[in-house]
Amino acid sequence: MATSLDNVKEPIGATPEARQAFEEAALKALEKFGAVRSEKNPWGLTVVVDRCNLHATVLAIRDELGLDMLMDVVGIDYLGFKDYVGPRFAVEYVFKSVYEPAKRMMVKVLVEEADLKVPTISDLY
């Protein structure tokens with residue numbers, strides 16, 4: 001009889017080389033959805049996507065890139081940010097792989113004040 005321990009994988013280390021390789025693979029895989037790397041995050045990979053591509057992007061993140069955990073969903077109001085130019089709001093999603101810690105990234109959707117609707121991804125995570 002199989003036990004739950006039979007389903008546990010051994011974690012893989014997160015080296016700088018593994019992180020770099022993942023970031024390159026992720027950018028290549030997500031370019032078909034119009035994902036653009038945000039240079040405002042010097043500590044990790046953040047891509048900005050249009051809301052119409054959010055669901056397909058997240059599906060690819062889960063199924064193609066192996067990020068099996070949605071860690072957080074954050075709403076951002078840029079109203080008080082000094083020198084900020086752009087849509088007032090954003091929604092940011094934080095993803096990681098449980099067993100491959102080098103695989104982690106954020107997806108940001110910029111949201112105009114006049115149209116605050118963002119598609120759900122609740123069917124994916």
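Is D83 buried or exposed? D83 counts as exposed, at 70% relative accessibility; here exposed means over 50% relative accessible area, buried under 20%, and partly exposed in between, with a 1.4 Å probe and protein chains only. This residue sits in the loop between β3 (69–77) and β4. Its backbone is worth a look too: phi of D83 is near 65 degrees, a positive value in a residue other than glycine. Most residues other than glycine have a negative phi.

Before going further, a word on the ground rules. This is a predicted model, in which local features need pLDDT of at least 70 and side-chain atom pairs count only at pLDDT 80 or more, while totals for chains, interfaces and linings use all residues. Residues are numbered from 1 along each chain as its sequence is written, and side-chain values use heavy atoms, with hydrogens and water left out.

**Overall layout**

The chain has two helices and five strands, and along the sequence they follow the pattern α-β-β-α-β-β-β. Helices (H or I, at least four residues) and strands (E, at least two) are DSSP runs, numbered from the N terminus. Along its principal axes, the C-alpha trace spans about 55 × 30 × 30 Å. Of the 125 residues in the chain, 34% are buried. The chain exposes about 8,000 Å², and carbon and sulfur atoms supply 56% of that area; accessible areas come from the Shrake-Rupley method with a 1.4 Å probe, and for residues only the protein chains shown count as cover.

As for charge, the mean positions of the 15 positive and 20 negative charges are 2 Å apart. Lys and Arg count as positive and Asp and Glu as negative, with His and the chain ends not counted; each charge is placed at NZ of Lys, CZ of Arg, CG of Asp or CD of Glu.

**The nonpolar core**

A nonpolar core is a set of buried Ala, Val, Leu, Ile, Met, Phe, Trp, Tyr and Cys residues joined through side-chain atoms within 4.5 Å. The largest one has 25 residues, of which L30, L54, I61, L65, F95, M105 and V107 touch the most other members. The elements that give two or more residues to this core are α1 (16–30), α2 (54–63), β4 (89–96) and β5 (104–111).

M105 belongs to strand β5 and is buried, with a relative accessible area of 2%. Beyond four places in sequence, M105 touches F22, A26, L30, L45, V47, I61, L65, L67, Y93, V94 and F95.

Which residues of α2 are buried? They are L54, T57, V58, A60 and I61. These residues lie on the same side of α2 because they cover an arc of only 160 degrees around the axis, the arc being that of the directions from the helix axis to the C-beta atoms. Their cover includes α1, β4 and β5.

L59 also lies in helix α2, yet it counts as partly exposed, at 32% relative accessibility. Leaving aside neighbours within four places in sequence, L59 is in contact with E64 and L124.

**Two loop residues**

A35 lies in the loop between α1 and β1 (36–37) and is buried, with a relative accessible area of 15%. Outside four places in sequence, A35 touches L30, V47, V48 and V49.

V49 is found in the loop between β2 (46–48) and α2. This residue is buried as well, with a relative accessible area of 4%. With neighbours within four places set aside, V49 is in contact with A35, L54, T57, V107, K108, V109 and L110.

**Pairs apart in sequence**

The table lists C-alpha separations for residues discussed above.

| Pair | Sequence separation | C-alpha separation |
|---|---|---|
| A35 and D50 | 15 residues | 7.8 Å |
| L59 and D123 | 64 residues | 9.8 Å |
| V49 and K108 | 59 residues | 6.3 Å |
| M105 and T46 | 59 residues | 5.8 Å |

Conventions:
Contact = heavy atoms within 4.5 Å.
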